[in-house]
Each structure stands twice: as structure tokens, then as C-alpha cells.
Amino acid sequence: MNTGLTPEERALRDYLARRCEDVAKVGFTCRDGREFLGWIAEVAEDRVLLTWAPGPLDDRDPEDEWLPLAAIRPRTAAHYDTATPGWIPYSG
């Protein structure tokens, strides 16, 4: 099935789907310069639903947001591994 995604985007989608199943905290840089830190709530064909972690000065929880996979800057994703403990960079 051709989803219109590049091989890199398909690999990133699969990685983020595993992090969604693990309920692991994830971080990456968006192409618009924002830094995401939080959880992947859902993975669709070409986008992910982000649940942003509240910042230390936030007085309310940030809204969940759908983000296209193409909007994630390559080689910036990582997830927090509680077994290590530490951040594990995405190597896809």
C-alpha cells in the first residue's frame, strides 16, 4: 500500500507507534522550531496526535495537537527509557 510517505517517514511512524504503545515520553524538534516533549496519543497514516507535557510555568494543560510526520525535523526524535534510565535517540 502506497501511503505517500517517504521511507524515512514510514520508519519514524513505526517508531512513534511503538512509543505510543509503550506510553514512553518522547521529544523531538518540529520543522517550525518548536521543541516537543510529551507523549504520542495516536498514530495515523501520515500524522501523530501529540499530548504535550505541561511546562513548569503552565497554569493549564496544553491542547493535544495533530502533527504531520513531515513536520518533524529528521534525526531529532528520542524517547525516555525508564529501564536505563535515560534518553534513547531514534536511530532510524
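R19 counts as buried, because its relative accessibility is 9% (buried means under 20% relative accessible area, exposed over 50%, partly exposed in between, with a 1.4 Å probe and protein chains only). The model is predicted: local features need pLDDT of at least 70, side-chain atom pairs count only at pLDDT 80 or more, and totals for chains, interfaces and linings use all residues. Residues are numbered from 1 along each chain as its sequence is written, and side-chain values use heavy atoms, with hydrogens and water left out.

R19 is placed in helix α1. Helices (H or I, at least four residues) and strands (E, at least two) are DSSP runs, numbered from the N terminus. Leaving aside neighbours within four places in sequence, R19 is in contact with A24, V26 and H79 (contact means heavy atoms within 4.5 Å).

Six strands form an open sheet. Their order is β4-β3-β2-β1-β5-β6, and the pairing is antiparallel. The edge strands are β4 (65-68) and β6 (86-89), each of which pairs on one side only. From one strand to the next, the twist averages 45°. Helix α1 packs on this sheet and touches β1, β2, β3, β5 (78-81) and β6. The direction of α1 makes about 85° with that of β2. Axes are lines fitted to C-alpha atoms, for helices over the stretch in contact, and angles run from 0 to 180 degrees between N-to-C directions.

Strands of a sheet pair through backbone hydrogen bonds, either parallel or antiparallel. Here, two strands pair if DSSP finds at least two bridges between them. Strands β1 (residues 26-29) and β2 (residues 35-43) run antiparallel and are joined by 4 bridges. F28 has F36 of β2 as its bridge partner. The two strands form a hairpin with 5 residues between them. In its turn, G33 has a positive phi of about 95°. Strand β2 also pairs with β3 (residues 47-52), in the antiparallel sense and over 5 bridges. Within β3, V48 is the bridge partner of V43, and T51 is that of W39. A hairpin of 3 residues leads from β2 to β3.

The largest nonpolar core has 18 residues. Such a core is a set of buried Ala, Val, Leu, Ile, Met, Phe, Trp, Tyr and Cys residues joined through side-chain atoms within 4.5 Å. L12, L16, F28, I40, L50 and L67 touch the most other members. At least two residues of this core come from each of α1 (7-22), β1, β2 and β3. L16 is in contact with V26, I40, V43, V48, L69 and I72, leaving aside its neighbours within four places in sequence.

V43 lies in strand β2. V43 is partly exposed, since its relative accessible area is 26%. The C-alpha atoms of V43 and L16 are separated by 7.3 Å, although the two residues are 27 residues apart along the chain. Not counting residues up to four places away in sequence, V43 touches R13, L16, A17, C20 and V48.

The structure holds 4 aromatic pairs. Rings of Phe, Tyr and Trp (its six-membered ring) pair if their centres lie within 6.5 Å; planes under 30 degrees apart count as stacked, over 60 as edge-to-face and the rest as tilted. The ring centres of F36 and W52 are 4.9 Å apart and the planes lie at 80°, so this pair is edge-to-face. F36 belongs to strand β2 and W52 to strand β3, so the pair ties together parts that are 16 residues apart in sequence. Both residues, F36 and W52, are buried. Ring pairs link F28, F36 and W52 into a cluster. A charge also meets a ring: the charged end of R47 sits over the ring of W66, 4.1 Å from its centre. This applies if NZ of Lys or CZ of Arg is within 6 Å of the ring centre and within 35 degrees of the ring normal.

Most residues other than glycine have a negative phi, and most peptide bonds are trans. V23 has a positive phi, near 55°, and is not a glycine. V23 lies in the loop between α1 and β1 and counts as exposed, at 61% relative accessibility. R75, also not a glycine, has a positive phi of about 60°. R75 is found in the loop between β4 and β5. With 75% relative accessibility, R75 counts as exposed.
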